[in-house]
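Good morning, and thank you for coming. Please look first at the sequence and the structure, and then I shall go through some parts in turn.

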Amino acid sequence: MRLLLIEDDPEAARFVLKGLREGGYSVEHAADGRDGLFRATEGNYDAIITDRMLPHMDGLAIVQLLRQQGCDTPVLVLSALGNVDDRVRGLRAGGDDYLTKPFAFVELLARVEALLRRKAGPQATTTLKVGNLELDLLGRRARRDGREIDLTSKEFTLLEFLVRRAGQVVTRTMLLEGVWDLQFDPQTNLIDVHISRLRHAVDRGFDRVLIHTVRGAGYVVRDDGP
Amino acid sequence: MAPSDRPPFSSSFRTSTFRLAIAYCVLFTVSVSTLLGAIYLITRSVLANEVDNVILIELDALADEYDREGQSGVSAELTRLRESWGRAGAIYLLVDPGLEKRAGNLSAWPFAGVPKERWLEFDIEALRDGAMVHDPVRARVVEFPDGYRLLVGTEVSERRRFQEQFRAATLWAIGLTALLGALMGLWLSRRLMARVRAISSACQQIVAGDFARRLPVGGSRDEFAALAVAVNHVLTRLDEQTLTVRATFDSAAHDLRGPLFRLRGRLEELQGAAALDAEARGSIDRALKDIDSVQRTLAILLQIAQAESGVALAESARLDLGELVQEITELYAPAARARGLSLACDVEVAWVNGHRQLLTQLLANLIENAVNYAGSGARITVTVRADAAGARLEVADNGPGIPVEDRERALRPFVRLSRAASAGSGLGLSLVAAIARLHQARLTLEDNAPGLCVVVRFQTARPENAPEEHAMPVLPAPRVGAEA
């Protein structure tokens with residue numbers, strides 16, 4: 001997987017590059033907007049990570065130009081800006097995801113992974129399956145081992161979000177954004193309580209646990225096999 | 001002061017222009033009436049004098065004739081005057097001391113006895129166009145030493161008719177003046193109202209977040225255009241300032257978050273290093289938590305600044321406050337239950353114009369506050385009610401509440417009322433207050449007896465794309481206060 005990082009802060013770029021390379025990606029780096037746009041247009045990348053405030057050219061302008069040129073490489077916008085509407089503007093400009101600095105590195109890794117998987121193609125499907133857990137997306141019903149699981153509508157949405165990303169780490173912020181459509185940082189850990197209720201419904205009474213906690217990062221739905 | 005729902009210009013009759021026009025109209029009508037009245041009176045007196053003078057001259061001449069020739073001379077003169085078709089409408093009568101007619105063109109003495117007045121007015125019967133009419137006569141009588149009396153008069157029906165016509169014309173003129181004045185006033189006030197309305201509606205849209213909008217200037221270079229140009233100037237200045245403020249926020253955020261990001265990155269790098277003992281790892285974990293907390297405070301400060309600057313209004317939209325409250329309450333309910341509190345909501349559909357993310361933040365802060373300060377076992381209820389004035393949001397708990405004297409203080413930044421619970425930054429309620437102000441909502445801290453009840457009153461959202469029906473009332477300054 002080839003990634004492009006457009007970031008002008010050398011120190012920040014150094015450890016993002018290091019972290020991504022340790023995560024198994026091959027990453028190239030552009031230190032300003034013009035170079036970034038040039039590489040993004042020329043090179044064949046699987047995903048682009050760009051800062052917003054860049055010398056010569058704004059990160060959002062790069063995304064807009066890329067989209068105008070018909071380039072559909074997923075873009076993750078990093079921003080140190082403080083406006084509440086920056087995320088909306090970032091997505092409107094054609095960005096696929098938006099992350100405010102400072103962030104934990106696991107957050108960046110989880111989002112890059114999600115972007116790459118999304119690029120692999122969204123499946124138009126009516127059922128999702130992980131192990132013996134089966135989700136009927138039309139009837140919004142979940143079954144495990146053939147037995148109906150009693151879920152509220154929100155719990156089903158939460159489970160669907162996780163199952164669609166089976167095998168990927170999903171962070172709490174991603175859940176807040178994806179399931180509740182909220183971009184805020186609650187003081188209390190709200191998500192854990194919802195996950196523990198979901199886990200209670202999905203995993204109780206089964207030997208094999210499907211919803212796993214990834215320490216310091218988030219959750220992953222995965223069938224570890226027998 | 002509750003915002004009035006009634007548009008200020010519901011009718012043309014209530015504008016100051018119309019009142020002014022009516023005042024001018026009354027003044028003008030009075031002037032015209034006085035002028036015409038004076039002309040009428042003067043004309044009448046001139047006409048009357050003329051009639052009287054003619055009578056006096058004739059009477060003098062006839063009296064001289066009497067002195068010279070005696071009764072028979074006057075009789076002959078009267079006959080001559082009658083037959084010569086002298087002046088029009090002339091009336092003569094000579095009577096003896098027994099008031100019997102001796103000469104003249106009047107059939108009989110028109111009075112019973114001898115009147116005392118020197119000038120007399122009476123009606124005579126005359127045949128005109130085959131009909132008997134009564135014609136008014138003005139006359140004067142002179143008594144001779146031998147007891148004979150001579151009456152000389154003029155039939156004044158023409159004069160009367162003229163007077164009546166003049167009076168009618170005067171009344172019509174006054175009526176028309178008043179009517180035209182009133183119509184003119186109405187037209188003027190409507191015209192002015194349309195312009196005021198256009199300006200007012202533009203202002204309303206600007207307040208609602210359309211910062212690029214300007215007041216309509218119009219082609220006529222009148223005082224309204226001058227006013228609009230001046231206001232537009234101010235708006236442009238404000239716009240520039242907003243841009244500057246935005247840029248300041250952006251660079252402040254950038255300059256603070258950049259180093260935080262690098263700091264975080266280095267700590268995470270350290271964490272990844274293999275050779276670390278447990279104590280060092282613990283320190284790094286705590287340092288990372290501190291960074292998160294600094295970041296959170298920074299985010300809240302930036303949000304307060306943005307809410308206060310009004311920049312966020314550009315992204316506001318019509319939304320159902322009830323639905324949003326339900327979502328957030330359901331998000332928080334399990335966490336509250338885990339801490340031994342009950343959190344429930346009771347909502348109805350209530351449309352407001354708002355910034356979804358900021359309203360979410362407002363709700364989250366109020367709920368988090370209640371969860372943190374109401375104490376274990378407390379019951380928290382979030383209520384949304386829609387009414388004609390707008391939407392009312394209530395977050396009520398049955399915890400210890402806030403004493404009346406502390407309520408105003410509680411809304412100020414960095415004020416923590418309770419020493420025990422120091423979980424928050426002390427910014428929560430100031431952010432709530434700033435977001436409420438941005439939405440022109442009124443925030444009050446009330447007594448839930450026992451406990452605290454935070455009330456936020458929103459104005460109802462106008463339906464999207466609804467035609468601008470009235471100019472909007474000037475928005476009352478959003479108020480934040482404490483109520484006992």
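In which helix is B:Ile57 found? B:Ile57 is found in helix H1 of chain B, residues 16-83; helices (H or I, at least four residues) and strands (E, at least two) are DSSP runs, numbered from the N terminus. This is a predicted model, in which local features need pLDDT of at least 70 and side-chain atom pairs count only at pLDDT 80 or more, while totals for chains, interfaces and linings use all residues. Residues are numbered from 1 along each chain as its sequence is written, and chains are lettered from A and ligands numbered from 1 in the order in which they are written.

Is B:Ile57 buried or exposed? B:Ile57 is exposed, because 11 other C-beta atoms lie within 10 Å. A residue counts as buried with 20 or more other C-beta atoms within 10 Å of its own, as exposed with 12 or fewer, and as partly exposed in between, the C-beta atoms being placed from the backbone.

I turn to the nonpolar cores. A nonpolar core is a set of buried Ala, Val, Leu, Ile, Met, Phe, Trp, Tyr and Cys residues joined through C-beta atoms within 7 Å. The largest has 124 residues, and B:Val325, B:Ile367 and B:Ile435 touch the most other members. Helix H6 of chain B gives the most to this core, with ten residues. A second, separate core of 19 residues includes B:Val152, together with B:Val74, B:Ile91 and B:Val141. In soluble globular proteins, nonpolar side chains tend to be buried together.

Next, consider the neighbours of H6(B). The axes of helix H5 (residues 321-338) of chain B and H6(B) come within 10 Å and cross at roughly 35 degrees; axes are lines fitted to C-alpha atoms, for helices over the stretch in contact, and angles run from 0 to 180 degrees between N-to-C directions. Among the residues that meet here are B:Val325 in H5(B) and B:Ile367 in H6(B), where contact requires C-beta atoms, placed from the backbone, within 7 Å. This contact comprises ten nonpolar, one polar and no charged residues. Here Ala, Val, Leu, Ile, Met, Phe, Trp, Tyr, Cys and Pro count as nonpolar, Asp, Glu, Lys and Arg as charged, and the others, Gly among them, as polar.

H6(B), residues 356-373, also packs with helix H8 (residues 428-438) of chain B, at an angle of about 145 degrees and with the axes 9 Å apart. B:Ile435 is one of the H8(B) residues in this contact, which has ten nonpolar, four polar and one charged residues.

Finally, the two chains together. Their contact takes 28 residues from chain A and 37 residues from chain B. Helix H1 (10-22) and helix H8 (190-203) of chain A each supply at least two residues of the chain A side, and H8(A) gives the most to that side, with four residues. The chain A side divides into 15 nonpolar, six polar and seven charged residues.

Definitions and conventions
Contact = placed C-beta atoms within 7 Å.
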